[in-house]
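Please read this short report alongside the model.

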Amino acid sequence: VHLDGGTMNADHIFSSVPAKVLSRILPQSWVTLCDSLREIDSVSVTVVNLEYDGSVLPVTGFGHLVPSQESSEILGVVYDSCSYPQQDRVGPPTTRLTVMMGGSWFQEAFGDPDTVPQDHLLQRATETVRSHLGITQTPLRAIIRVQKVREGFVSITPVKHFQVTVKLH
């Protein structure tokens, strides 16, 4: 690895940038690796952070994932109040949740990530919390963020992904 202050020998390098971005910044002489990285696609995901008054979760734990055969647009819910209690605010208790939506079915479920109405995403997130967890009150706060494909937010593992990764070794 070449750095400003010299070089470093490494057996492994881990990258946190999307595969297609990595393919553009690696040396062009690494043709096989760069070609394989370009085969890994990314998808758009919406993350909706919700905060409710009081301790309203009926269960404790990290959260839950939703199998794709049950819902194409809801990926899962993280129970932030349970998972990250150190982030609780001072004062009366609140419940914090993160609803993850979209993925491979984003376009089908919500349309264009650039134009999907924020209120529609919020409505779908609160419906999910209501049906999955029985929380019926209106959230105190909501933060909605659409992570778009062009930002390379989430890499997907399609059928035959294993064959792509084998080429990387």
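**Basis**

Two strands pair if DSSP finds at least two bridges between them. Strands (E, at least two residues) and helices (H or I, at least four) are DSSP runs numbered from the N terminus.

The model is predicted: local features need pLDDT of at least 70, side-chain atom pairs count only at pLDDT 80 or more, and totals for chains, interfaces and linings use all residues. Residues are numbered from 1 along each chain as its sequence is written, and side-chain values use heavy atoms, without hydrogens and water.

Five strands form an open sheet in the order 5-6-7-4-8, with antiparallel pairing. Strand 5 (63-65) and strand 8 (141-147) each have a single partner strand, so one side of each lacks a neighbour in the sheet.

Strand 4 and strand 7 pair over nine bridges, and Leu50 has Leu97 of strand 7 as its bridge partner. Strand 6 and strand 7 are joined by four bridges, with Val77 facing Val99 of strand 7 as bridge partner. Eight of the nine residues of strand 7 are buried (under 20% relative accessible area, 1.4 Å probe, protein chains only), so strand 7 is largely enclosed by the rest of the structure.

Strand 5 and strand 6 (residues 74-78) pair over three bridges. Helix 5 (residues 118-133) packs on the sheet and touches strands including strand 4 (45-53) and strand 7 (94-102); contact means heavy atoms within 4.5 Å.

**Ile13**

Ile13 lies in the loop between strand 2 (6-7) and helix 1 (19-25). Ile13 is exposed, with a relative accessible area of 62%; exposed means over 50%.

How values were computed: Axes fitted to C-alpha atoms, helices over the stretch in contact; angles between N-to-C directions.
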